[in-house]
Amino acid sequence: MAEEDNSFDDFEQIDFLRDRHVRFFQRCIQVLPERYASYETSRLTIVFFALSGLDVLDALDVVDKPSLIEWIYSLQVLPTEDRTSWGLFLI
């Protein structure tokens with residue numbers, strides 16, 4: 001058991017820059033970095049993974065939750081009474 005503890009000490013320890021990761025995920029939620037601009041159509045998926053990353057880093061407190069919720073709801077297409085906005089999913 002003591003040998004296993006020593007083997008971990010031999011590895012070079014890399015500092016984890018939590019604040020930089022938090023800022024990166026925040027930026028992905030607000031505005032995609034330029035190199036990810038082609039993924040704009042997958043924005044909701046990117047926001048999901050950015051929120052998951054912030055959750056893992058215990059940094060969900062940096063998110064403006066009400067405005068993010070409103071943005072997500074704004075992406076919904078709600079049916080009308082005559083079902084014209086249902087598209088191909090007619091019943």
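## Helix α2

In this predicted model, the 13 residues of α2 should span 18 Å at 1.5 Å a residue, and the end C-alpha atoms of α2 are 19 Å apart, which agrees. Seen down the axis of α2, the buried residues fall within an arc of 125°, so they line one face of the helix. Those buried residues are Val22, Phe25, Cys28 and Ile29. An α-helix has 3.6 residues a turn, so residues three or four places apart point the same way.

The other side of α2 carries the exposed residues Asp19, Arg20, Arg23 and Gln30. The cover over the buried residues of α2 includes α3 and α4.

## Helix α3

For α3, the 14 residues should span 20 Å at 1.5 Å a residue; the end C-alpha atoms of this helix are 20 Å apart, in agreement with that value. The buried residues of α3 are Arg43, Val47, Ala50, Gly53 and Leu54. Viewed down the axis of α3, these residues fall within an arc of 120°, so they line one face of the helix.

On the other side of α3, Phe49 and Val56 are exposed. What covers the buried residues of α3 includes α2 and α4.

Leu44 belongs to helix α3. With a relative accessibility of 43%, Leu44 counts as partly exposed, because that class lies between the buried limit of 20% and the exposed limit of 50%.

When residues up to four places away in sequence are not counted, Leu44 touches Trp71, Ile72 and Leu75. Leu44 and Ile29 are 15 residues apart along the chain, and their C-alpha atoms are separated by 9.1 Å. Ile29 is one of the buried residues of α2.

Asp58 lies in the loop between α3 and α4, just after α3. Although Asp58 is not a glycine, this residue has a positive phi of about 55°. Most residues other than glycine have a negative phi.

Asp58 counts as exposed because its relative accessibility is 64%, and the exposed class begins over 50%.

## The largest pocket

The largest pocket has a volume of about 190 Å³. Its lining consists of Gln26, Ile29, Gln30, Arg43, Val47, Val62, Val63, Asp64, Ser67, Leu68 and Trp71. By class, this lining has 6 nonpolar, 3 polar and 2 charged residues. The helices α2 (18-30), α3 (43-56) and α4 (65-74) each supply at least two residues of the lining.

## The chain as a whole

The chain contains 4 helices and 0 strands, and its pattern along the sequence is α-α-α-α. Of its 91 residues, 16% count as buried. Among contacts between residues at least 6 apart in sequence, 43% join residues at least 24 apart.

Methods:
Residues are numbered from 1 along each chain as its sequence is written. This is a predicted model: local features need pLDDT of at least 70, side-chain atom pairs count only at pLDDT 80 or more; totals for chains, interfaces and linings use all residues. Side-chain values use heavy atoms; hydrogens and water are left out. On a 1 Å grid over the protein atoms alone, a cavity is a set of points where a 1.4 Å probe fits but cannot get out, and a pocket is an open set with protein on both sides within 12 Å along at least five of seven lines; lining residues have an atom within 4 Å of a point. Grid points are joined across faces, edges and corners, and a volume is the space filled by probe spheres set on the points. Ala, Val, Leu, Ile, Met, Phe, Trp, Tyr, Cys and Pro count as nonpolar, Asp, Glu, Lys and Arg as charged, and the others, Gly among them, as polar. The expected span of a helix is 1.5 Å times one less than its number of residues. Buried means under 20% relative accessible area, exposed over 50%, partly exposed in between (1.4 Å probe, protein chains only). The arc is that of the directions from the helix axis to the C-beta atoms. Contact means heavy atoms within 4.5 Å.
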